[in-house]
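Here are my notes on the model you sent over.

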Amino acid sequence: MTGHPEAAEIFNRNEAHVNWHDQALWFVREKRDKASSQIKGWEELRQLASEIKAHTLSNLNEYLIQFEKEATKNNVNVHWAEDAIEHNKIVYEILQAHNMKRIVKSKSMLTEECGLNHYLEEKGIEVIDTDLGERIVQLAKEPPSHIVMPAIHKKREEIDQLFHLHLNTELSGGDEVYLTREARKHLRQKFLDADAAITGVNFGIAETGGFVVCTNEGNADMGVHSTKLHIACMGLEKLVPKFEHLGIFLRLLARSATGQPITTYSSYFKSPQQGDGMHIVIVDNGRSAQLGRSDFRSSLHCIRCGACMNTCPVYRRSGGYSYGSTIPGPIGSILSPGFDLQKYSSLPFASTLCGSCADVCPVKIDIHKQLYNWRQIITEKTHVSFSKKIIMKATGLVFSHPKIFQLSSKFAKGFLRTIPRSLVNNLSGKWTKQRELPETPGYTFAEWYKKNRQQDVIGKKR
Amino acid sequence: MSRENILKKIRTNKPAFQLLPEIDLKKFRTNLDLEEEFVKSVGSVGGKIIKVENKEEIKRGIKSLFPDAKEIISLVDDVDIGTINLGTISSAKELEKLELAIIKGEFGVAENGAVWLSDKNFTHRSLPFITLHLIIVLESENIVENMHEAFLRLSDFNEGYGVFISGPSKTADIEQSLVIGAQAALSLNIFLIKNT
């Protein structure tokens, strides 16, 4: 089975592309830093958001019932789906009941998770993704590689070719303004011809039964307001208790995601426009099980901003597809093992545990700690390679006995200097695939310390 | 039934009750000039501000910005340059060729340049999106500092739909290059009018 290291190796074959990908994401991370440092009380906001989410989870059943009650009062139909299959079925049955065949959909990672497009297409329904990035990957028959920037892995020339092939555009060398305008024309027609609109949900509000959808392109609103039927698909962890809590989350979301002060459109849907229909599908699909895992529970705080991906040194250099899961990157690596421990067993190891993800997380999920915790479980419960096991055992022995440590480091320095490089690389596995070990100095750290610093320390003490 | 199964699993799996935190809005307050900050923010999100003294100036301003516009809907009193009556529109399709929508904004938010519009301000929800260009008229005294203040103002909001609009529609999905004008309005001009 292919895990993260194998898939990352494929991505790393094109070094120039990796460097470009790395820098494109770091650029977004820097914009996030700038945006977050410009407002007063950023850390207080993160703390509040984290505590509100923790509170919500501790009372989630009551809030879901309240949400359902209020939404129903607002003339909205509420549905419950235990898993992806039930979710897809519900959506299909609503569409079928109205004989609707043409759907425009705005970005929703939940429908990706459930494989909704594929399911509906097999039943003869056209689903058009209307976010530009999502439309690009849909035309390329690929899943999104990032949750906020679905086509971040694609170069402009590739997009130029794709549009030329599918939308009959002129080859423009990848002119972003031309391509965006052409996509606009193409999607306008799709909006106006569509029967129904499907959206995700950024935040559901228990107090009012309303929900918020955020976009920059205006594609969610274009779809919903052009059609007679709106189906919103919501993971059950998306709730916040009160309307006023949106003030906190809307301040955090876009700044963390792209460095914008807020998305262009933050739309609050409470009841349908006169004569139209509105449905909400509340989806579990493994979330209630994750709620029961105390070490991983706070992963359900996630508001899908993608900041942990943009900052992650592993994500930036291995790309979204190397994770093989709907949600990639650090947050995906702590959510996915809850779905399928065996299938996603390599993901918690796709990290340096540097903790940068937790530092930028707007809802303060301790992602790096959860990655570490999954490693413990995976090592115990799944098949870990023999060589990794032996190395871990030996390392444990060496580090817990100072005498053995001293001896072995003295030995290692000589060993690394005398044996051929190729053998060292072989022994260290994938770590030396894209990088070289540094030259080893002629002394150990303990020897260096004794010579240079110990006197100072003792001197100061006296 | 799925509803009962889900709720039962949550009841079993949820952690011990945790209190909601107290929110102290003082922590987020600054002494910045609201109008000045709002103008700055709108600029940073790709919108334009035109400061005016009266409605006549708005009409003149729109004429000079869009001299050739023919398909216009105006929902602002005394900015009577509309050519289409929204009351006659029954579907978004009929707004396909709309060039200008002129709508009154309820209030603006200084920290992010967003303006709140709702069902109160327009009867067809697609109006601010489907129009080629969006024009918002906002009274300069209706600016709040941040999103917390915005939701305080909305505490008795009871319409079916509302939206914060911050600048014109945009995308950076092609190699992170910003393009103003994606699926919705290509531009946003905000006429900031002194309260009369």
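1. Where in chain B does Leu20(B) lie? You'll find Leu20(B) in the loop between α1 (2-13) and α2 (34-44) of chain B. Bear in mind as you look that this is a predicted model. Leu20(B) comes out as partly exposed, at a relative accessible area of 26%. Setting aside residues up to four places away in sequence, Leu20(B) touches Ile52(A), His55(A), Pro241(A), Lys242(A) and His245(A). As for Lys120(B), 100 residues separate it from Leu20(B) in sequence, and the C-alpha to C-alpha distance is 32 Å.

2. On to the interface as a whole. Here 93 residues of chain A are in contact with 72 residues of chain B. The size of an interface is often given as the accessible area lost when the parts come together. For chain A and chain B that buried area is about 7,000 Å², with carbon and sulfur atoms giving 60% of it.

3. Next, the polar side of the interface. Between chain A and chain B there are 40 residue pairs in polar contact, counting pairs with both residues at pLDDT 80 or more. On the side of chain A that touches chain B, helix α10 (residues 176-193) gives the most, with 13 residues. That side of chain A divides into 42 nonpolar, 25 polar and 26 charged residues.

4. How many salt bridges are counted between chain A and chain B? The count is eight. One to look at is the salt bridge where the side chains of Arg255(A) and Glu111(B) meet, at 2.7 Å from N to O. Another salt bridge pairs Lys155(A) with Glu175(B), their closest N and O atoms being 3.9 Å apart. Lys155(A) sits in the loop between α8 (132-139) and α9 (156-167) of chain A, and Glu175(B) in the loop between β9 (170-171) and β10 (179-180) of chain B, so this pair joins two chains. Lys155(A) counts as partly exposed, at 26% relative accessibility.

5. Now the sheet. It is an open sheet of eight strands with mixed pairing, in the order β8(A)-β5(A)-β6(A)-β9(A)-β8(B)-β5(B)-β4(B)-β7(B). Its edge strands, each pairing on one side only, are β8 (239-240) of chain A and β7 (143-144) of chain B. Strand β9 (residues 265-269) of chain A pairs with strand β8 (residues 161-165) of chain B in the antiparallel sense, over five bridges. There, Tyr265(A) stands opposite Ile165(B). Within chain B, strands β4 (residues 107-109) and β5 (residues 115-118) run antiparallel and are joined by two bridges. Phe107(B) has Trp116(B) in β5(B) as its bridge partner.

6. Some salt bridges elsewhere. Over all chains, the structure has 35 of them. Glu37(B) and Lys40(B) form one, with the closest N and O atoms 3.1 Å apart. Both lie in helix α2 of chain B, three residues apart, which is about one turn of the helix. Glu37(B) counts as buried at 17% relative accessibility, whereas Lys40(B) counts as exposed at 53%. Salt bridges with shared partners also link Glu113(A), Glu237(A), Arg287(A) and Arg304(A) into one network.

7. Last point: is Asn310(A) buried or exposed? Asn310(A) is buried, because its relative accessible area is 2% and the cut-off for buried is under 20%. Asn310(A) belongs to helix α14 (residues 307-311) of chain A. Beyond its neighbours within four places in sequence, its contacts include Leu25(A), Trp26(A), His146(A) and Arg316(A).

Methods: Residues are numbered from 1 along each chain as its sequence is written. Chains are lettered from A and ligands numbered from 1 in the order in which they are written. This is a predicted model: local features need pLDDT of at least 70, side-chain atom pairs count only at pLDDT 80 or more; totals for chains, interfaces and linings use all residues. Side-chain values use heavy atoms; hydrogens and water are left out. Contact means heavy atoms within 4.5 Å. Buried area is the accessible area (1.4 Å probe) that two parts lose on being put together, summed over both. A salt bridge is a side-chain nitrogen of Lys or Arg within 4 Å of a carboxyl oxygen of Asp or Glu. A polar contact is a pair of N or O atoms within 3.5 Å; within protein, one must be able to donate a hydrogen and the other to accept it, and residues adjacent in sequence count only if both atoms are side-chain atoms. Helices (H or I, at least four residues) and strands (E, at least two) are DSSP runs, numbered from the N terminus. Ala, Val, Leu, Ile, Met, Phe, Trp, Tyr, Cys and Pro count as nonpolar, Asp, Glu, Lys and Arg as charged, and the others, Gly among them, as polar. Two strands pair if DSSP finds at least two bridges between them. Buried means under 20% relative accessible area, exposed over 50%, partly exposed in between (1.4 Å probe, protein chains only).
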